[in-house]
Amino acid sequence: MPSRRYVQGWGALSLAVGAVLVTTAAAQDPAPGRAAVAAAPGPALLTVGTCSVTGGLCRVPRTTVSLDAPAPVELPGVATGPVDLALRTPGRLTDVTVTDRRGRRIAGRAGGDGTRWTSDVPLPAGGAYTARLVLEEDRPGGVRRRILRLAVRTAKAPEGERLTVAFGPGEGAPGRTYGVGQPVTAQLSHPVPAAEPGARRIVERALEVRSEPRAEGAWHWVDADTLHYRPRVYWPSGATVRVRSGLDGARVTDRLHGGRSRPLTFTTGSRVEAVTDVAAHEMRVYRDGRLLRVIPVTTGKPGFRTRVGTKVVLGKESMVRMRGDSIGIARGSREFYDLKVRWATRVTWSGEYLHAAPWSLDAQGSEDVSHGCTGMSTEAARWLFRTVREGDLVRVVHGYGEPMTPFGNGYGDWNLGWPEWLRGSALGVRPARPGSAGSPLRPAL
């Protein structure tokens, strides 16, 4: 015999079905002499929740609000994935714009049926956001279009480790100008290993680089706590480059949340290139493609060959002391040297310079006699010193030395082809927007 609860359940269901049938019949066949009266539509309902991971499926949203009188929504805890807005009553979301308290737009995507919007990445913790929604509803007499707003807050990140970023070059003081070959560097306060690709994607999406004029570029993971950003080709001359982190409050891993980082702004000067042809024993210096000067030089002799490839000026020293033991030459040996050198332009951390070498004037323009540096007359070295700046390009061609390494001994970033450079990105795709690293935060239009 069926249980009492079972019988009562079926009875309730029968009553519900009967009510639906009566309502449907009344709507289809009104009583004679009476016009059909459409039921007043109920309030528009929206649910707000989070997805499990970036790009993953969204869980059942946790909070439902009425858009006719929306109460602020606070997402519990730090969102582990993108935020999801889903319409739960008939209608269409024809436009959704979510901004933070500073007016920056949060990137997101709408569902194909117009009932859902999902952010591209999690909303940072401790933030206040405003969602502007354009809702269309089918009503008697036509389509009703409304503009609605919803306030969303995210809880503060729990106490624990904070991931911050130190951007380079230098301190990024306003007005500082670098050459067009200067990469942007990002030094993380905590390592994010390759074994955590999801965390790397969160970090990379949050590191934003913009330039005016625009330049297509991408980040490359040098190691677990260092990234470099460079354009596909060099920066445009006279560009303004702005770098910022959107990591503040973002959940990177279970133990690691983003913290505040200081932004960076710098400008670029003219495109200056010093091209040393080892076989010809000469250096040609160009500015924006125009030849400025041809300088006789001497480069590294056998056993001390100058590295070939593209380097970037790291700094300049009007006087530097050079000793053989700094590059592994034993003191007291035939090759040992200890010299004070003038007008030295540095291109590697291991001690390769372009500098004045008055002791080798006879060899300059005809043979290679240095221990790896590029030597020239004192007058030419002083002119070059005053012509180039940090970030300018130094290329060595037709040489016999080892290739310049991409990382670890200066900025050899340009020795990687573009496809190879992109393979160092955790995103695995070419950036869709020139001049941007793909940050989730966009300036409001």
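1. Basis of the note. Because the model is predicted, local features are reported at pLDDT of at least 70 and side-chain atom pairs at pLDDT 80 or more, while totals for chains, interfaces and linings use all residues. Residues are numbered from 1 along each chain as its sequence is written, and side-chain values use heavy atoms, with hydrogens and water left out.

2. Overall make-up. The protein contains four helices and 30 strands, where helices (H or I, at least four residues) and strands (E, at least two) are DSSP runs numbered from the N terminus. Of its 445 residues, 45% are buried; buried stands for under 20% relative accessible area, exposed for over 50%, and partly exposed for what lies in between, with a 1.4 Å probe and protein chains only. The accessible surface comes to about 22,300 Å², and 53% of that surface belongs to carbon and sulfur atoms; such areas come from the Shrake-Rupley method with a 1.4 Å probe, and for residues only the protein chains shown count as cover. Among contacts (heavy atoms within 4.5 Å) with a separation of 6 or more, 68% are accounted for by residues 24 or more positions apart.

3. Helix 2. In this helix, residues 197–206, the buried positions are Ala199, Arg200, Ile202, Val203, Glu204 and Ala206. These buried residues pack against strand 11 (161–163), strand 14 (184–188), strand 15 (207–212), strand 16 (217–223) and strand 18 (240–245).

4. The whole structure holds 25 salt bridges, a salt bridge being a side-chain nitrogen of Lys or Arg within 4 Å of a carboxyl oxygen of Asp or Glu. One of them joins arginine 132 to aspartate 95, with the closest N and O atoms 3.6 Å apart; arginine 132 belongs to strand 9 (residues 128–139) and aspartate 95 to strand 5 (residues 92–100), so that distant parts of the chain, 37 residues apart, are linked. Arginine 132 is partly exposed, at 28% relative accessible area, and aspartate 95 is partly exposed as well, at 33%. Valine 134, also in strand 9, is by contrast buried, at 2% relative accessibility. The C-alpha atoms of valine 134 and aspartate 95 are 5.1 Å apart in space, although the two residues are 39 residues apart in sequence. Leaving aside residues up to four places away in sequence, valine 134 touches Arg92, Leu93, Thr94, Asp95, Arg145, Arg146 and Ile147. Arg146 is also part of a network of salt bridges with Asp68, Glu137 and Arg139.

5. Glutamate 352 and its partners. The side chain of glutamate 352 meets that of arginine 307 in a salt bridge of 3.0 Å, N to O. This pair links distant parts of the chain, 45 residues apart: arginine 307 is in the loop between strand 23 (290–296) and strand 24 (309–312), and glutamate 352 in the loop between strand 26 (338–346) and strand 27 (353–356). Glutamate 352 also forms a salt bridge with lysine 311, the closest N and O atoms being 2.5 Å apart. Lysine 311 lies in strand 24, so this pair ties together parts that are 41 residues apart in sequence. Lysine 311 and glutamate 352 are both buried, the latter at 4% relative accessibility, whereas arginine 307 is partly exposed at 27%.

6. Positive patch. Arg287, Arg290, Lys316 and Arg389 form a positive surface patch, for which residues must have over 30% relative accessible area and no salt bridge, like charges being joined within 9 Å. Of these, arginine 389 is in the loop between helix 3 (378–387) and strand 29 (393–397), and is partly exposed at 32% relative accessibility.

7. Backbone features to inspect. Most residues other than glycine have a negative phi, and most peptide bonds are trans. Here the bond from glycine 168 to proline 169 is cis, with omega near 25 degrees, and proline 169 is in the loop between strand 12 (165–168) and strand 13 (177–178). Another cis peptide bond, with omega about 0 degrees, joins glutamate 212 and proline 213, the latter in the loop between strand 15 and strand 16. Positive phi values occur at histidine 281, near 55 degrees, and at aspartate 288, near 50 degrees.

Conventions. Patch = residues over 30% accessible without salt bridge, like charges linked within 9 Å, V, L, I, M, F, W, Y side chains within 5 Å. Lys, Arg positive; Asp, Glu negative; His and termini not counted. Charge placed at Lys NZ, Arg CZ, Asp CG, Glu CD.
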